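Colleague: I'd like to learn how to read a model like this one, feature by feature. Could you walk me through it?

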Amino acid sequence: MSVALKIALAEAKYIGPIHARYLLEELGNVEAIFSSEAELKRRLPRLSRRILSSLFSSELHHRAQEIARWSEQRGLRCLFVEDEGYPQLLRECPDAPVMLYASGDYDFNASELHLSVVGTRNITPHGQSALDRLLEEIYSLTPRMPIYSGLAYGVDVAAHRKALALSMPTVAVLAHGLDRIYPSVHAQTAQEIVQRGGALLCEYPPGTRPDRFNFVARNRIIAGLSQASLIIEAGSKSGSLITAELAASYDREVLAVPGRIQDTYSRGCNELIASMKGVLVQSGQDILSRMGWKQEGNALLQELAFAPPQTIDQPLLRLIAELQPAHINDLIRRSGMDMRKISAELFELELEGHIRSLPGSLYALV
C-alpha cells in the first residue's frame, strides 16, 4: 500500500483524524478511498463536494509524494494508524493522528508499561528533586519503562535528560515537523534520544512550524501514548493541565506530585489532587501500585539507593532538607546561629558536595 496515499489522507483539507478514520472504516482501506472520485461519491453520497475535491486534488498527491520521498531519504518512519508499528495505546484514542513521523528505531509497542511526564516550563529545585527521585525509583523497579514528554523547557526536557542518564527509553513528542528542533537549544538532547534507542515523534510533515495551536494538539499525543500522565509541577493555567484533562478524557490515569501551598508552580498539581482529578503520588512505588504495574527491578536496590545520607544528622542539613529551598535568613532564625557562623558552615557543606547554592540566597540538598 502506497505510503503517499496514507500521507495524502492525513494531509487532506477539511478532514481531521476522526473523519479520516471514519472513511477508513467505511471503505475498508486507504486505497479504496482514493480509487476514484465517482466511486467514493457513490459509496458515501453525503460526503461534501469540498472534501471530495480535497481528496482528489493533484496538489495534495504531489505534496504527499514529496513528503514520502523526503522521509525515506532521511530514514524516517511513516507510521499509519493501521500499521503494526503504530503505538497501540495511542490508536485507542478517537482523535489519534492518522499519520505519525518518527526519527529513531524505538518500538512503541515493545513495553507494556508507558508513562508520560509533563509539567511547568519553569521547573523549581523542588520539581527537579521530585522528578529525579521519582524516575530513579521507577528505574529501580521497572527499568525498561519508556518515558514520554515534549522536549519543552522545564520539566519536559528534564524528564528526557533524567531518563537518558538512567538509560531508560524516552520519546520526545514534537509540535512541528522533523526538519527542525524547537527549542533549538535542546537539539543535543534530541540527538541523544535517537542515538540511545529512543525516538522523536510528531504528526506534522516537514516544513511545519511550531505554532501555538500545534502544542495543544501535541499534548493529546503525549497523553494518548501512555496509561498514565505524571504532572510534576504546574501553575494554575499550565499547559500541563490540558494534558491532564486529555488523559482523563481517554480514561487514562492522572498522577500529581503535591507541593507547598505557597509555591506558584505547585498550585496546578494541588488543584488536581483537591478536585480528585489527579492521584497524589510521592514515590515510584506509589505510581506502580496505583497503576497495578508489575515490579521488575530489585526492591532492595531501591531501598539502598534512596537511604538518607548519614550526614543528614548534621542540624543545618536537616533544616535545609525540611525547608528546601531554604533561605539563609530562615536558616539563621531557625538555627540560632549568627551570619558569620552559618555562612562558614554553608560554605563547608557546599565544598563537601552536600548542598548547592541557588540564586536569591537559597540553598538546597544535592
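Modeller: Happy to. Let's begin with exposure: buried means under 20% relative accessible area, exposed means over 50%, and partly exposed lies in between (1.4 Å probe, protein chains only). R180 is partly exposed, with a relative accessible area of 28%. D179 also counts as partly exposed, at 37% relative accessibility.

Modeller: A word on the source: this is a predicted model, where local features need pLDDT of at least 70 and side-chain atom pairs count only at pLDDT 80 or more, while totals for chains, interfaces and linings use all residues. Residues are numbered from 1 along each chain as its sequence is written, and side-chain values use heavy atoms, with hydrogens and water left out.

Colleague: Let's take the sheet. In what order do the nine strands stand?

Modeller: Helices (H or I, at least four residues) and strands (E, at least two) are DSSP runs, numbered from the N terminus. Two strands pair if DSSP finds at least two bridges between them. Here the sheet is open, with mixed pairing, and the order is β1-β2-β6-β5-β4-β3-β7-β8-β9. β1 (77-80) and β9 (279-280) are at the edges with a single partner strand each, so one side of each has no neighbour in the sheet.

Colleague: Which strands pair with β2?

Modeller: β1 and β2 run antiparallel and are joined by four bridges, with R77 opposite A102 in β2. Strand β2 (residues 99-103) also pairs with β6 (residues 199-202), again in the antiparallel sense, over three bridges. There, Y101 stands opposite C202 in β6.

Colleague: Is β2 enclosed or open to the outside?

Modeller: The general idea comes before the case. In a regular strand the side chains alternate between the two faces of the sheet. In β2, M99, Y101 and S103 are buried on one side, and L100 and A102 are buried on the other. Five of the five residues of β2 are buried, so the strand is largely enclosed by the rest of the structure. Helix α10 (residues 187-195) lies across β2, β5 (170-173) and β6, at about 110° to β6. That angle is between N-to-C directions, on a scale from 0 to 180 degrees, with axes fitted to C-alpha atoms, for helices over the stretch in contact (heavy atoms within 4.5 Å).

Colleague: And charged pairs: how many salt bridges does a search of the whole structure find?

Modeller: Side chains of opposite charge can pair when their charged atoms come close. The cut-off is a side-chain nitrogen of Lys or Arg within 4 Å of a carboxyl oxygen of Asp or Glu. The search finds twelve salt bridges. One of them joins D95 and R220, at 3.9 Å from N to O. D95 sits in the loop between α7 (88-91) and β2, and R220 in helix α11 (residues 212-224), so this pair ties together parts 125 residues apart in sequence. R220 is buried, at 9% relative accessible area, and D95, E203 and R220 are linked in a salt-bridge network.

Colleague: Which residue forms a salt bridge with K162?

Modeller: That is E136, with the closest N and O atoms 2.5 Å apart. K162 belongs to helix α9 (residues 155-165) and E136 to helix α8 (residues 125-141), so the pair ties together parts 26 residues apart in sequence. K162 is buried at 15% relative accessible area, whereas E136 is partly exposed at 27%. The D179 and R180 we began with form a salt bridge too, at 3.6 Å between the closest N and O atoms.
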